[in-house]
Amino acid sequence: MNRFSVLFAGALLSLALVTACSEDDPAQPAQPVTHDGESKALGEGQVTAYERIAADGSLLAVGVRFDEVVLSTLPVDDTPVSLMLPKKAGTSPFDHIGFDWVSQGHVPAPIYTHPHFDVHFYVVDNATLGTVVPGPDLVMPEPQYMPKDYMSGVDAVPFMGTHYIDSTSMELHGHPFDKTFIYGFYKGDLFFMEPMITKAYFETKPNVTVDIKQPAAFERTGKAYPTKYSVSYDATTKKYSVELHTMKMY
């Protein structure tokens, strides 16, 4: 074997050893994986539900992302979009997401009568939502399941539940509504968790993370519930996202 062949063989051996070490290197941990669920059209763009799962299978985040073009091509009328989650993590309490465009806002006026999105992260399925009877819902959650400072909106909304609002929210104290976080119960049971965000706030291309007030306990145990939510814009992909994350097992 000539000198060139020896050098070439040595180089190949070195490359193989480096590659093998890189593949087995414990210093290179497995990365989280994002699994997309259902995707549907809204305006001229797409809205997609997703989960982010850690290498050990635990739930890191649940969210919804949508194309920037959605904001400039929204329908004139209210448009609900229901998106099934991929359900890759057994610890997730969530069944699906309701991404609802509310073109003129809703009561109570004038606080929430702004064009906005109701992003319902439902912990119950559509069949259960169908059992909601509109009208007064006077059955309160047990105290340990009630987040601090939250108060009931009293009336149940069909196919949703009863909205509980944080009494310390800025929009209830003279500040314009841009985003807020709502818990949804029905007859004392948790039905959803909901960031509610104005179209105008999305258009500022935010990147913000907000703490979610926690109850002392959740009735459904062995599940990972979010302690924070984020509203963000990715200039590279030109997509917005609303994400529940920083999960805590209960």
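Me: How do the residues lining the second largest pocket divide by class?
Reply: In this predicted model, that lining has eight nonpolar, two polar and six charged residues. Here Ala, Val, Leu, Ile, Met, Phe, Trp, Tyr, Cys and Pro count as nonpolar, Asp, Glu, Lys and Arg as charged, and the others, Gly among them, as polar.

Me: And what's its volume?
Reply: About 230 Å³ for the second largest pocket. Of its 16 lining residues, Ser169, Lys179, Thr180, Phe181 and Val210 are the closest to the centre. A pocket is an open set of points on a 1 Å grid over the protein atoms alone, where a 1.4 Å probe fits, with protein on both sides within 12 Å along at least five of seven lines; lining residues have an atom within 4 Å of a point. Volume is the space filled by probe spheres set on the points, which are joined across faces, edges and corners.

Me: Which strand gives the largest share of that lining?
Reply: β10, with three residues. Both β10 (179-186) and β12 (207-211) supply at least two. A strand is a DSSP run of E, at least two residues, numbered from the N terminus.

Me: How much space is in the largest pocket?
Reply: About 430 Å³. It has 20 lining residues, and His106, Val107, Val157, Met160 and His163 are the closest to its centre. The elements giving two or more residues are β4 (79-84), β5 (96-102), β8 (150-157) and β9 (161-166). By class, the lining has 11 nonpolar, five polar and four charged residues.

Me: New topic: how do β1 and β2 run?
Reply: β1 (residues 33-42) and β2 (residues 45-53) run antiparallel, joined by eight bridges; strands pair if DSSP finds at least two.

Me: Thr198: buried or exposed?
Reply: Buried, because its relative accessibility is 4%; buried means under 20%, exposed over 50%, partly exposed in between (1.4 Å probe, protein chains only). Thr198 lies in β11 (residues 189-198). Beyond four places in sequence, Thr198 contacts (heavy atoms within 4.5 Å) His114, Pro115, His116, Phe177 and Asp178.

Me: Where does pLDDT stay under 50?
Reply: Over residues 1-24, which have two contacts beyond four places in sequence. The protein's mean pLDDT (confidence per residue, from 0 to 100) is 91, and 89% of residues reach 70 or more.

Me: What are the ground rules?
Reply: Residues are numbered from 1 along each chain as its sequence is written, and side-chain values use heavy atoms, leaving out hydrogens and water. As a predicted model, it needs pLDDT of at least 70 for local features and 80 or more for side-chain atom pairs, while totals for chains, interfaces and linings use all residues.

Notes. Helices (H or I, at least four residues) and strands (E, at least two) are DSSP runs, numbered from the N terminus. pLDDT is the predictor's confidence in each residue, from 0 to 100.
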